[in-house]
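Thank you all for coming; before I say anything, please take a moment to look through the sequence and turn the model around on the screen.

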Amino acid sequence: MTRQWLKQGFIAGSLLAVGAASLVAPALGAPFGTRADVAYAGQLWSSLKYRHLVGKHAIMSTPYQGTHPHGAILDTIDGWTRVGNDAGPVIIKRNYGGPGVSKTAVANNPRKFLKAVTVMFKRPGYDPENQDWFWVKYGPDGSVLKNPKGMFLAGRVAKGTGKGCIACHKAAPGGDMVFNHDRYAR
Ligand code: HEC
């Protein structure tokens, strides 16, 4: 066995190892909730606030009875926004709950019952397999919430798994991943 052969064998082996690692890596590494996802979610919140779609002076729609896993009472608003060079439709769903929650109570004092703000933003070219939606779950103050595993709920949540925003929204009629309407179906 020559040294040369050993060397080549080593190189080939390393390349195989690197190749295998890159195949495995996406499954092991966080496909969502990265620092970049959280930063992007922050920019998205600012743009929504600027358009009065979230925050203290947010435009409100009529509260309605919710379904799991979104709150007991919901209110949903469709709009359009821009983040950097990305521009597209956005859907904001406010999730309300807590003692005494009802449609009337929420209509009268939305901020008292607001538990979370779930958002889908159509980000051109971001995730073609999933209609390019960027998913995020914010607390009422705009901070990005975490799942029970401590992962930030922002980005392609939780692509490739059987749970989470993407997995559940795939069941929405029209193939656009939106339950409430099929306006963005293509
Ligand atoms: C187990 C299923 C399920 C999961 C998980 C889920 N959703 Fe939903 N989502 C729904 C259903 C059902 C509706 C329609 C509810 C309604 O308005 O009556 C909905 C509605 C929405 C809407 C309004 C647009 C639409 O599809 O009608 C947004 C925005 C939204 N969800 C965001 C999210 C985000 C972000 C996550 C993840 C953090 C998430 N959802 C996780 C089931 C789910």
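This is a predicted model: local features need pLDDT of at least 70, side-chain atom pairs count only at pLDDT 80 or more; totals for chains, interfaces and linings use all residues.

Residues are numbered from 1 along each chain as its sequence is written.

The secondary structure of the chain comes to 5 helices and 6 strands, where helices (H or I, at least four residues) and strands (E, at least two) are DSSP runs numbered from the N terminus. Along the sequence they follow the pattern α-α-β-β-β-α-α-β-β-β-α. Of the 186 residues in the chain, 28% are buried; by buried I mean that 20 or more other C-beta atoms lie within 10 Å of the residue's own, while exposed means 12 or fewer and partly exposed is in between, with C-beta atoms placed from the backbone.

Let me turn to the sheet. The 6 strands form an open sheet in the order β1-β2-β3-β4-β5-β6, with antiparallel pairing, and two strands count as paired if DSSP finds at least two bridges between them. Because β1 (64-65) and β6 stand at the edges with a single partner strand each, one side of each is left without a neighbour in the sheet. Further in, β4 pairs with β3 over 7 bridges and with β5 over 6 bridges, both times in the antiparallel sense. Within these pairs, Val-90 has Phe-121 of β4 as its bridge partner, and Thr-118 stands opposite Lys-137 in β5. Since 7 of the 9 residues of β4 are buried, this strand is largely enclosed by the rest of the structure.

What lies against this sheet? Part of the reply is helix α2 (residues 35-50), whose buried residues are covered by elements including β2 (73-83), β3 (86-96), β4 (114-122), β5 (133-138) and β6 (154-155). Its 16 residues should span 22 Å at 1.5 Å a residue, and the end C-alpha atoms are 23 Å apart, which agrees; the expected span is 1.5 Å times one less than the number of residues. The buried residues of α2 are Asp-37, Tyr-40, Ala-41, Leu-44, Trp-45 and Leu-48. They cover an arc of only 150° around the axis, taken from the directions from the helix axis to the C-beta atoms, and this puts them on the same side of α2. The face turned away from that side carries the exposed residues Arg-35, Ala-36, Ala-39 and Tyr-50. Just after α2, His-52 takes a positive phi of about 60°.

Gly-142 is partly exposed, with 16 other C-beta atoms within 10 Å.

Finally, which residues come nearest to the ligand? Of the 23 residues around the ligand (C-beta atom, placed from the backbone, within 6 Å), they are Thr-118, Cys-165, Cys-168, Phe-179 and Asn-180. Two or more residues of this shell come from each of β2, β3, β4, β5 and α5 (164-169), and α5 gives the most, with 4 residues.

Note on methods:
Two residues are in contact if their C-beta atoms, placed from the backbone, lie within 7 Å.
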